[in-house]
Amino acid sequence: MSSAADALSSLTPGSGGQTSGATSAQNQLAGNFDTFLKLLTTQLQYQDPLSPMDSNQFTQQLVQFAQVEQSISANKNLESLVGYSLANATSSAVSYIGRNVTAGGQTANLASSGSADWHYTLPVNASATTISIVDAAGKTVYSGQGALARGEHAFSWDGRTPSGERAPAGQYKIEIIAKDAGGNDLNVSPLIQGTVTSVDIENGSPFLNVGGLKLKLTDVMSVGPAPAGANANANGQT
């Protein structure tokens with residue numbers, strides 16, 4: 001005869017009866033609880049009166065069942081918290097639509113027309129600054145000189161290669177090498193700026209669409225109003 005513990009086995013981790021989702025698990029638990037009680041009363045009815053079952057066994061089975069129920073309830077509460085967190089994050093992300101954002105990153109998008117734009121800051125005056133643009137295959141498609149003065153600078157690449165042809169639309173990375181007066185490397189971190197046009201949810205996380213690229217909320221360094229006449233296809237960073 002099956003024991004009451006067998007009814008529990010379908011709810012334990014790794015068993016065949018385990019289902020995904022706290023709600024479906026809770027529904028399954030309710031059905032198994034009825035089976036559990038039937039098996040328990042049957043065991044009591046047909047137990048050997050000369051060798052009754054240990055009452056501790058019944059207690060352990062009840063405790064195990066209660067622990068399963070508590071675990072399911074805890075999972076259901078966690079699912080609710082995750083849902084609330086996603087709703088709050090999405091609401092926050094939606095508030096960025098139409099706003100101009102600045103984020104750290106090397107990658108910008110070059111559309112079929114227009115330019116790819118970056119910003120960078122030199123901590124001190126540089127003796128030499130070299131800017132290279134690299135495509136997705138790692139090939140350098142542009143190389144030129146950058147600013148030398150200390151402070152923030154903007155760099156706009158029109159998409160033209162050394163041959164004068166326009167590079168295909170897509171994502172490109174900027175590499176900046178700057179040297180100080182002593183020939184030492186300067187720490188230069190590229191920035192991108194663009195207008196948020198929409199928000200996507202992927203794998204439970206919101207992403208800002210900026211110029212055809214996706215930007216995490218955690219990558220945003222500053223937020224400002226959209227500039228007058230801002231292009232909806234402003235450039236962005238991954």
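**Note on a predicted chain of three helices and 11 strands**

1. Leucine 110 stands opposite glycine 170 in S7. Two strands count as paired if DSSP finds at least two bridges between them, and S2 is joined to S7 by four bridges, the two strands running antiparallel. Helices (H or I, at least four residues) and strands (E, at least two) are DSSP runs, numbered from the N terminus.

2. This is a predicted model, in which local features need pLDDT of at least 70, side-chain atom pairs count only at pLDDT 80 or more, and totals for chains, interfaces and linings use all residues. Residues are numbered from 1 along each chain as its sequence is written, and side-chain values use heavy atoms, with hydrogens and water left out.

3. The order of elements from the N terminus is α-α-α-β-β-β-β-β-β-β-β-β-β-β. Of the 238 residues in the chain, 34% are buried; buried means under 20% relative accessible area, exposed over 50%, and partly exposed in between (1.4 Å probe, protein chains only). Among contacts (heavy atoms within 4.5 Å) with a separation of 6 or more, 69% are between residues 24 or more positions apart.

4. An open sheet is formed by four strands in the order S2-S7-S4-S5, with antiparallel pairing. Its edge strands are S2 (107-110) and S5 (140-145), each of which pairs on one side only. From one strand to the next the twist averages 25°; axes are lines fitted to C-alpha atoms, for helices over the stretch in contact, and angles run from 0 to 180 degrees between N-to-C directions.

5. Alanine 108, in strand S2, counts as buried because its relative accessibility is 0%. Between alanine 108 and tyrosine 172 there are 5.6 Å in space, C-alpha to C-alpha, though they are 64 residues apart in sequence.

6. Strand S4 (residues 128-134) is joined to S5 by five bridges, and the two run antiparallel. Isoleucine 133 stands opposite tyrosine 142 in S5. Leaving aside neighbours within four places in sequence, the contacts of isoleucine 133 include Trp118, Tyr142, Phe155, Trp157, Tyr172 and Ile174.

7. Isoleucine 133 is also one of the residues with the most contacts inside the largest nonpolar core, together with Trp118, Phe155, Trp157 and Leu208. A nonpolar core is a set of buried Ala, Val, Leu, Ile, Met, Phe, Trp, Tyr and Cys residues joined through side-chain atoms within 4.5 Å.

8. Strand S3 is largely enclosed by the rest of the structure, because five of its seven residues are buried. Seven bridges pair S3 with S6 in the antiparallel sense, and histidine 119 stands opposite alanine 154 in S6.

9. Aspartate 180 deserves a look. It lies in the loop between S7 and S8 and is buried, yet has no salt bridge (a side-chain nitrogen of Lys or Arg within 4 Å of a carboxyl oxygen of Asp or Glu). The nearest side chain of opposite charge is lysine 179, 8.1 Å away; Lys and Arg count as positive and Asp and Glu as negative, while His and the chain ends are not counted. Neighbours within four places in sequence aside, aspartate 180 is in contact with Val124, Asn125, Ser127 and Leu186.
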